[in-house]
Amino acid sequence: MEKTNVKVYFFVWADDFSVEDFTNTLGIKPTRALNKIVITTETLFRLGTEWELGTGYEESFDINKQLNFVLGQLEGKEEELNQLKKKYDLAYRFVIVTNIENHETPVMYLDSRFIRFTDSIGAEVEFAQYIYS
């Protein structure tokens, strides 16, 4: 039997920016980073550069377990995040993905600590829910 699971990641995007500079300035190794690729064929074209820090899918009934893990790595780096955002015209987003099995929905709320942090760096929050019977 499958269990409800949650994945959370902090997503950074811009047309083009230095993934190396971003990583070195924060002192955090990303979970995934993709540099902009422009290839003239019709089969491959990336529209921007991406940097992510997150969890894998984990069995969970409270999104805050995964959210706090990611947030804990970024707290205290608000000044650097805001400087990088301005330097590279970055967009910040926290993505919360839930795979709901057998109607076992996880607790989903955003605490004041998370709300203050996202506001301080101008980040958005995205929820993606997939429901399985």
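In which sense do strand β5 and strand β6 pair, and over how many bridges? I found that β5 (residues 91-101) and β6 (residues 124-132) pair in the parallel sense over nine bridges. Two strands count as paired if DSSP finds at least two bridges between them. I looked up Thr-98 and noted Gln-129 in β6 as its bridge partner. From β5 the chain goes through α4 to β6, a right-handed β-α-β crossover. Right-handed here means that, with the strands pointing away from the viewer, the path from the first strand over the helix to the second runs clockwise.

**On the source.** I am working with a predicted model, in which local features need pLDDT of at least 70 and side-chain atom pairs count only at pLDDT 80 or more, while totals for chains, interfaces and linings use all residues. Residues are numbered from 1 along each chain as its sequence is written, and side-chain values use heavy atoms, with hydrogens and water left out.

**Overall.** I noted four helices and six strands in the protein. Helices (H or I, at least four residues) and strands (E, at least two) are DSSP runs, numbered from the N terminus. Their order from the N terminus is β-α-β-β-β-α-α-β-α-β. Along the principal axes, the C-alpha atoms fill a box of roughly 45 × 40 × 20 Å.

**Helices α2 and α4.** I looked up α2 (residues 63-74) and α4 (residues 112-121): their axes come within 11 Å and cross at roughly 45 degrees. Axes are lines fitted to C-alpha atoms, for helices over the stretch in contact, and angles run from 0 to 180 degrees between N-to-C directions. α2 and α4 are therefore oblique to each other. Angles under 35 degrees count as roughly parallel, over 145 as roughly antiparallel, 65 to 115 as roughly perpendicular and the rest as oblique. The contact (heavy atoms within 4.5 Å) involves Leu-67, Asn-68, Leu-71, Gly-72 and Leu-74 of α2, and Arg-113, Phe-114 and Phe-117 of α4.

**Helices α1 and α3.** How far apart are the axes of α1 and α3? For α1 (residues 19-26) and α3 (residues 78-88) I noted axes 10 Å apart and an angle of about 165 degrees. The two helices, α1 and α3, are therefore roughly antiparallel to each other. Asp-21, Phe-22, Thr-25 and Leu-26 of α1 meet Glu-80, Leu-81, Leu-84, Lys-87 and Tyr-88 of α3.
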